[in-house]
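Please read them with the structure open.

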Amino acid sequence: MKIQERTGAGAGRSAVPAQPSVGDRLPTPPRERKPALAALAVLLILVGALGATMLVLQAGDRIEVVKVTQAIPAGGSVSTSNTTSVMVAKDDSIHYVEYGQLKQLEKLKAVNPIPAGVVAVGEMFGDEAGVAAGKATVGLSLKAGQYPTGIKQGDTVAAYRVSSASGSSNSNSNSSSSASSNSVIVDNARVTYVPGAKDSGDELVSSTNLAVTLTVDSDKAADLAQAASNGEVALVQVPGNSGN
């Protein structure tokens with residue numbers, strides 16, 4: 001009886017479909033290797049790495065150069081007081097003045113006015129200074145009292161005509177000299193040269209004339225030169241120290 005029950009139970013089960021054997025699958029074609037593409041990828045990686053290395057090396061190739069910190073007029077010179085050092089990327093196409101050459105540069109003059117904040121290059125300097133169009137330079141020989149104490153290169157001054165008449169002059173002469181003494185020859189002139197203390201010595205300033213060179217508008221040069229030759233010029237320092 002048990003055998004029959006088992007047989008009957010098995011008869012009601014559904015048949016399970018047979019699975020195909022592994023050996024019946026279609027073969028997969030082998031992957032094609034592309035050595036040229038692999039070589040190209042390696043080459044691109046190497047080029048990128050080389051480019052990055054060159055950029056790093058160029059960024060590290062820097063030099064110490066001269067930077068102007070105060071405006072220098074035409075004919076002026078650099079010094080430790082109006083310059084500082086700054087690091088820049090080396091570029092052979094730009095004629096930077098290296099900071100170690102500052103002493104040699106002090107012997108040259110600015111060809112044109114140089115504003116503050118620029119990096120000095122060789123083309124800015126020469127043995128002689130140029131004069132901008134519409135400008136002229138006039139030399140003065142001033143006695144103590146005809147110029148402000150501490151006058152220096154780069155200062156802005158006004159030039160006044162002063163009287164040299166003596167107290168024995170008649171009233172007409174006194175009136176004329178008074179009018180002359182109040183006249184302004186130049187209201188805005190740039191001091192382009194004045195000897196420093198190391199050149200003249202403080203003890204000599206009161207006993208010798210001070211040589212001062214001014215840059216003025218061309219139409220004022222003749223009057224200023226004439227007054228200077230007669231010793232009738234006095235300088236007054238005025239506001240304004242920007243380049244001409």
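1. Overall picture. This is a predicted model. The chain has 7 helices and 9 strands. Of its 244 residues, 25% are buried. The accessible surface comes to about 16,400 Å². Carbon and sulfur atoms hold 55% of that surface.

2. Contacts along the chain. Take the contacts with a separation of 6 or more. Residues 24 or more positions apart account for 71% of these.

3. Length of helix α7. This helix covers residues 218–229, which is 12 residues. At 1.5 Å a residue, α7 should span 16 Å. Its end C-alpha atoms are 17 Å apart, which agrees with that expectation.

4. The buried face of α7. Which residues of α7 are buried? They are Ala221, Leu224, Ala227 and Ala228. Seen down the axis of α7, the buried residues fall within an arc of 145°, so they line one face of the helix.

5. The end of α7. Look at Gly231, just after the helix. Gly231 takes a positive phi of about 70°.

6. Salt bridges. How many does the structure hold? There are 2. As background, side chains of opposite charge can pair when their charged atoms come close.

7. Lys135 and Asp217. Their side chains meet in a salt bridge, at 2.7 Å from N to O. The pair links distant parts of the chain: Lys135 sits in strand β5 and Asp217 in strand β8, 82 residues apart. Lys135 is partly exposed, with a relative accessible area of 25%. Asp217 is partly exposed too, at 34%.

8. Asp155 and Lys152. These side chains also meet in a salt bridge, at 3.2 Å from N to O. Is Asp155 buried or exposed? Asp155 is buried, because its relative accessible area is 3% and the cut-off for buried is under 20%. Lys152 is partly exposed, with a relative accessible area of 49%. That value falls between the buried limit of 20% and the exposed limit of 50%.

How values were computed
Residues numbered from 1 in each chain as written. Predicted model: local features only at pLDDT ≥ 70, side-chain atom pairs only at ≥ 80, totals over all residues. Heavy atoms only, no water. Helix = DSSP H or I, 4+ residues; strand = E, 2+ residues; numbered from the N terminus. Expected span 1.5 Å × (residues − 1). Buried < 20%, exposed > 50% of the residue type's maximum accessible area, 1.4 Å probe, protein only. Arc of directions from axis to C-beta. Contact = heavy atoms within 4.5 Å. Areas by Shrake-Rupley, 256 points an atom, 1.4 Å probe, with all protein chains shown as cover. Salt bridge = Lys/Arg side-chain N within 4 Å of Asp/Glu carboxyl O.
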